[in-house]
Number of protein chains: 2
Amino acid sequence: MNREHRRAAILSIGDELTLGQTLNTNSRWLAERLSGAGVLPVEHVTVPDDLAAQTRAILRLAAACDLVVCSGGLGPTADDLTRQALAEAMGDQLVEDPLALEQVRAWYESRGREMPEINRVQALRPSKGQSLQNLHGTAPGLFGVVRSGGQECDVLCLPGPPGEMFPMFDAQLLPRLRPPAGLVIRTRTLHCFGIGESDLAMRLGALMDRTRNPLVGTTASGGVVSCRLRYEGVGPGDAAEAALDETERLTRAAAGAYVFGSGQATLAGTVLDLLRAKGQTLGCVESCTGGLLGAYLTEVPGSSAAFVGGLITYSNYIKNSLAGVPSALTSPGGPGAVSGETARAMAKGGLDALGCDHCLAVTGIAGPEGGSEAKPVGTVWIARVSRDGSGDVRRFQMSGSRQNVREWSAKTALAMLRFHLAGLAGFKMLREVAKFQDAGA
Amino acid sequence: MNREHRRAAILSIGDELTLGQTLNTNSRWLAERLSGAGVLPVEHVTVPDDLAAQTRAILRLAAACDLVVCSGGLGPTADDLTRQALAEAMGDQLVEDPLALEQVRAWYESRGREMPEINRVQALRPSKGQSLQNLHGTAPGLFGVVRSGGQECDVLCLPGPPGEMFPMFDAQLLPRLRPPAGLVIRTRTLHCFGIGESDLAMRLGALMDRTRNPLVGTTASGGVVSCRLRYEGVGPGDAAEAALDETERLTRAAAGAYVFGSGQATLAGTVLDLLRAKGQTLGCVESCTGGLLGAYLTEVPGSSAAFVGGLITYSNYIKNSLAGVPSALTSPGGPGAVSGETARAMAKGGLDALGCDHCLAVTGIAGPEGGSEAKPVGTVWIARVSRDGSGDVRRFQMSGSRQNVREWSAKTALAMLRFHLAGLAGFKMLREVAKFQDAGA
């Protein structure tokens, strides 16, 4: 591999992928690794275990890119056709590689087994190509140069199982990648919650201009709207970082208090960090989220430093008996289980029962059943009550499926606490439709 | 859409996908739906937010397939270019669709908000195409016919967020699909829990032969091992169903009591059905799972009929104060918070505090910190205690990440209750390393 790798394509191979029986996680992993190394992934393709389709895909991608990274189809069985496809795309023949054969045999021997004869086929490689040793399985990788569309392209074939593919890529491909001299690709991601994607885009304005560098794009996923910053240019890494610093500053200024973190940050992790910095603790009382808020918090390693626990008060009986919600609130004639009064009482009861500094409570109608005209599916009341006597109780109108309503509700509760802990109380949030007066603890 | 849909391509659009910032789960979902409907997915492609690349991909795939399903790029921002790409591939112009505009406006109005001006662009469609209503978000879908390579192809563009894409596909595309006359592709899935994939494969034996029809394959995901049955043939649907019935019978016989359901069944849903059939209730007391078990249960619509609630006893203080775990158990010199004694005490305490017929308790070390030689990361004790006086307390050694340990633990607790409710008590489960004697309530 001694050509410049400017544009890369990622080719995944396997019937289980094209039929949707297996989720493809290799493509994303390879794309992240390549772009991190300064090589731009421009297309991902998945084709079945079909020799003609594989060969066609390699030739097409080789004409448009400098590097094609394939994964899958290197096993020992009849539906593993990547060796043959690479040879055909190279206009070459397969030959047995004695060293590769020795390595496959050695892999079995080191496990006290004899190599099954079926695995011999794994030592084949195009006569003008190379075999790459697999330290974590039997399938050697392959490398070859394909001429297509008037240019040459490096083609690399890796085994499909992530446990074999990841280390082979890191050990054997990464050091040999040749990103364009001086070309630097750097990315950053800022995460927002409590604002819609359209509103955020209007705030970002010209920052989202498609000709800008760094480029700013947005993606919404599970209520979190992320700003993706991407710098691409020739020059020292310092200049890239400086440009990203400036764009990040402008993006944060535009998005304001809705930005809760960057990179791998989660809302729960951000809230737990704020709590730990203050030496304070959190508990929760959940009805419609049924444990999801607690699950988000305890997903974070070390969460026990700030999260003490919670009550899942799914039935009214448990709301009354464990969270101390007066039964008048949940009985006929009262405001009901889904109300500002009940949400506040749940949070206050949790503060006492759990002995924490802050308590979040969520009660709502996740659907699909249980809605009424006054309280349609998606009606959710969220309360935050704190040891310092402050409180905040809001009504939201969530939309989407039962699971959407639950996920948004749990995240919205975390965001309400985040605003409070960061001294940003009072911010109106997306889907908020009312505030409960007299919310204090 | 009135042509036969024999071969389909799936086109995903977005920089965040090609750069590897986001995992593409849409392609798999679409592939599963299409093949389930008898339309064969032959290629998946992912391209960036780049008008030329998108247009090129649509034209290339339209020349090779009868149907192209795109997802993503229908948002309101400058990097959302799918509307334009479809129009270019059709050789058409974009026009504003008054009905679509009305629907976007109505979506905002129903949420008490005014449509931001930026969203107006979402009402654009190719003049010869159609808009598809989005009941779960602002982005209408698009449909158009593309002429390429001497043939016509149906092209459908769906919004990227799964919460919008899934229902739009099911409501608007699925009924209009026209799989090839006579070709029948039928699939079934049986789900197992408590057995490993290799052990299951050995039990299945010749059923997994690659030339068999129906074909049987296995996929493991989050501890659930699923047997995928797929029939493909020309002929009446009856023959397909009869062949699948027989293969399902053989598969169930081989997998035995580990099969908990089929199709869309979940462990939580299966357990709730068993409880409802007996008119019994369930509560849970969670430590290392931190609410995840409750979240799995309450994800199921109507779960309140059998699930009453739970305690998230993350701190020892709350284990003692709310679940009534004797402090001698969790104090220095006692067996500790992660022990059979504590798991049993948590479940017994929960049975009383929650007033339910069965209580599940989980306590363990999810990691990455907190392990010791005697109790390494992944050590989890799970207790089931029932009103009838019976009980079951087991120690497991889970592996993998913090999240893996938590997910396996919550599912294993559900599976323990399932075995009990189905009269299958005594079954040894995968990763089980010890049983606690004297487990009764």
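Helix 3 of chain A and helix 4 of chain A cross in a right-handed manner, the near helix being turned clockwise from the far one by less than a right angle. The model is predicted: local features need pLDDT of at least 70, side-chain atom pairs count only at pLDDT 80 or more, and totals for chains, interfaces and linings use all residues. Residues are numbered from 1 along each chain as its sequence is written, while chains are lettered from A and ligands numbered from 1 in the order in which they are written.

Helices here are DSSP runs (H or I, at least four residues), as are strands (E, at least two), numbered from the N terminus.

The largest nonpolar core comprises 157 residues, and A:C192, A:A347, A:C359, B:A347 and B:C359 have the most contacts inside it. Such a core is a set of buried Ala, Val, Leu, Ile, Met, Phe, Trp, Tyr and Cys residues joined through C-beta atoms within 7 Å, where buried denotes 20 or more other C-beta atoms within 10 Å of a residue's own, C-beta atoms being placed from the backbone. A second, separate core of 92 residues includes A:L19, A:L132, A:L142 and A:M165.

Between the chains, 74 residues of chain A are in contact (C-beta atoms, placed from the backbone, within 7 Å) with 72 residues of chain B. Strand 2 (residues 40-47) of chain A supplies the largest share of chain A's side, seven residues.

Notes
A residue is buried if 20 or more other C-beta atoms lie within 10 Å of its own, exposed if 12 or fewer, and partly exposed in between; C-beta atoms are placed from the backbone. Two residues are in contact if their C-beta atoms, placed from the backbone, lie within 7 Å.
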